[in-house]
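Dear colleague,

Please find below the structure that I am handing over to you, followed by an account of what was found in it. I would be grateful if you read the text with the structure open beside you.

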Amino acid sequence: MNKTQKNNFVFVITEEDLQYEAMKKTGRKLTKEEVVIAKEGLECGIGGITLDITYNTIFTEMIRK
């Protein structure tokens, strides 16, 4: 990537988003420790093979159109 180009976010989950979902699901905000655990879970759930499957699905659908 050219050094003058900026990296644009495609998808972001903020701590505010996480706390909003926690309130909807549990009726309370997460503690700092729970936020760390949730972040680790999101990284595992969104990354790795799941991300690869998602990319394959997106690009396959794009090619079909």
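Helices H1 and H2 pack at an angle of about 100°, and their axes lie 11 Å apart. Here an axis is a line fitted to C-alpha atoms, for helices over the stretch in contact, and an angle runs from 0 to 180 degrees between N-to-C directions. H1 and H2 are therefore roughly perpendicular to each other; this term covers 65 to 115 degrees, whereas angles under 35 count as roughly parallel, over 145 as roughly antiparallel and the rest as oblique. On the H1 side the contact is made by Glu-15, Leu-18 and Gln-19, and on the H2 side by Val-35, Ala-38 and Leu-42. Contact means heavy atoms within 4.5 Å. These residues divide into 4 nonpolar, 1 polar and 1 charged. In this scheme Ala, Val, Leu, Ile, Met, Phe, Trp, Tyr, Cys and Pro are nonpolar, Asp, Glu, Lys and Arg are charged, and the others, Gly among them, are polar.

The model is a predicted one, in which local features need pLDDT of at least 70 and side-chain atom pairs count only at pLDDT 80 or more, while totals for chains, interfaces and linings use all residues. Residues are numbered from 1 along each chain as its sequence is written, and side-chain values use heavy atoms, with hydrogens and water left out. Helices (H or I, at least four residues) and strands (E, at least two) are DSSP runs, numbered from the N terminus.

Two residues of this contact deserve a separate look. Gln-19, in helix H1, is buried, because its relative accessible area is 11%. Buried means under 20%, exposed over 50% and partly exposed in between, for a 1.4 Å probe and protein chains only. Apart from residues up to four places away in sequence, Gln-19 touches Lys-29, Leu-30 and Val-35. Leu-42, in helix H2, has a relative accessible area of 31% and so is partly exposed. Setting aside neighbours within four places in sequence, Leu-42 is in contact with Ile-13, Leu-18 and Gly-47. Leu-42 and Ile-13 are 29 residues apart along the chain, and their C-alpha atoms are separated by 9.2 Å.

How much space lies in the largest pocket? The volume is about 460 Å³. A pocket is found on a 1 Å grid over the protein atoms alone, as an open set of points with protein on both sides within 12 Å along at least five of seven lines; in a cavity, by contrast, a 1.4 Å probe fits but cannot get out, and lining residues have an atom within 4 Å of a point. Of the 17 lining residues, the closest to the centre of the pocket are Phe-11, Val-12, Ile-13, Leu-42 and Ile-46. Helices H1 (15-26), H2 (32-46) and H3 (48-64) each supply at least two residues of the lining, and H2 gives the most, with 5 residues. The lining is made up of 11 nonpolar, 3 polar and 3 charged residues.

Lastly, Asp-17 is found in helix H1 and counts as partly exposed, at 34% relative accessibility.

Yours sincerely

Methods:
Grid points are joined across faces, edges and corners, and a volume is the space filled by probe spheres set on the points.
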